[in-house]
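Hi there,

Here is the structure I promised to hand over to you. Have a look at it first, and then read on for what I found in it.

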Amino acid sequence: MSGVNKVILIGNLGKDPEVFTFENGNKKVRLAVATTETYRNKKGERIEHTEWHWVVLFRGLAEVAEKYLRKGDQVYVEGSIRLRSWEDGGQKRYLTEIEGRNLTMLGSRKNEKPTVIQGVEAIPAIPAKLENEPEYNPEDDAFPF
């Protein structure tokens with residue numbers, strides 16, 4: 001039996017997309033997406049809680065995001081959770097990202113229908129680096145189960 005790893009987010013971009021270009025010309029875009037939940041506490045006060053998510057898009061989706069998305073835009077993203085790790089000064093670091101496979105741009109222009117874009121190609125095996133991050137090797141991410 002296999003598992004399910006699916007994430008759905010609707011949120012707003014906290015900044016313009018960060019674009020990384022690989023040596024072969026393929027692109028990766030990283031989005032900072034904020035989701036906000038509103039609820040009332042025991043005293044009846046309205047509380048807003050915002051979570052920030054790193055979303056990465058590759059190739060065709062990355063090119064669309066680079067061209068059309070800007071800070072404040074609302075997006076709908078479907079994807080999977082990915083945990084990356086690397087060594088930094090002898091200390092193990094971790095980063096959780098959402099690897100986007102489908103993207104819908106919401107509310108970008110008045111009276112315009114949302115634009116749905118689906119990934120057209122497989123995601124490349126080597127993601128762009130974070131600052132001070134060594135080359136990604138999937139064999140380093142082996143779990144003991």
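Leaving aside its neighbours within four places in sequence, Tyr 76 is in contact with Ile 8, Leu 9, Ile 10, Asn 102, Leu 103, Thr 104 and Leu 106, where contact means heavy atoms within 4.5 Å. Tyr 76 itself belongs to strand β5. Strands (E, at least two residues) and helices (H or I, at least four) are DSSP runs, numbered from the N terminus. With a relative accessible area of 21%, Tyr 76 is partly exposed; buried means under 20%, exposed over 50%, and partly exposed lies in between (1.4 Å probe, protein chains only). Tyr 76 and Ile 10 are 66 residues apart in sequence, yet their C-alpha atoms are 4.4 Å apart in space.

Before you go further, please keep in mind that this is a predicted model, in which local features need pLDDT of at least 70 and side-chain atom pairs count only at pLDDT 80 or more, while totals for chains, interfaces and linings use all residues. Residues are numbered from 1 along each chain as its sequence is written, and side-chain values use heavy atoms, with hydrogens and water left out.

Now for the overall layout. The protein chain has 1 helix and 7 strands, and along the sequence they follow the pattern β-β-β-β-α-β-β-β. Of the 145 residues in the chain, 35% are buried. Among contacts between residues at least 6 apart in sequence, 57% join residues at least 24 apart.

How do the strands go together? Two strands count as paired if DSSP finds at least two bridges between them.

- β1 and β5 (residues 74-88) are antiparallel and share 6 bridges. Leu 9 stands opposite Val 77 of β5.
- β1 is also joined to β3 by 2 bridges, again in the antiparallel sense. Here Asn 12 stands opposite Ala 34 of β3.
- β2 (residues 18-21) and β3 (residues 27-40) run antiparallel, with 4 bridges between them. The hairpin of β2 and β3 has 5 residues between the strands, and Gly 25 in this hairpin takes a positive phi near 95 degrees.
- β5 and β6 are antiparallel and pair over 15 bridges. Ser 85 has Tyr 94 of β6 as its bridge partner. In the hairpin of β5 and β6, there are 2 residues between the strands, and Gly 89 has a positive phi near 60 degrees.
- β4 (residues 46-58) and β6 (residues 91-106) run parallel and are joined by 2 bridges. Val 56 stands opposite Glu 99 of β6.

Glu 99 turns up again with Lys 6: the two are 93 residues apart in sequence, and 9.7 Å apart in space, C-alpha to C-alpha. Lys 6 lies in the segment before β1. Is Lys 6 buried or exposed? Lys 6 counts as exposed, because its relative accessibility is 54%. Beyond its neighbours within four places in sequence, Lys 6 is in contact with Glu 78 and Gly 79.

Next, look at helix α1. In α1 (residues 59-68), Leu 61, Ala 62, Val 64 and Ala 65 are buried. They cover an arc of only 165 degrees around the axis, which puts them on the same side of α1; the arc is that of the directions from the helix axis to the C-beta atoms. Arg 59 also lies in α1, and Arg 59 has a positive phi of about 50 degrees although it is not a glycine.

Two rings have a charge over them, meaning that NZ of Lys or CZ of Arg is within 6 Å of the ring centre and within 35 degrees of the ring normal. Phe 20 stands opposite Lys 28 of β3, and the charged end of Lys 28 sits over the ring of Phe 20, 5.6 Å from its centre. The charged end of Arg 30 sits over the ring of Trp 54, 5.6 Å from its centre.

Finally, a word on confidence. pLDDT is the predictor's confidence in each residue, from 0 to 100. The chain has a mean pLDDT of 81, and 73% of its residues reach 70 or more. Confidence is highest in β1 (residues 7-13), at a mean of 95, and lowest in β7 (residues 115-118), at 54. Over residues 119-132 the pLDDT stays under 50. Where pLDDT is low, the predicted coordinates should not be read in detail.

Enjoy exploring!
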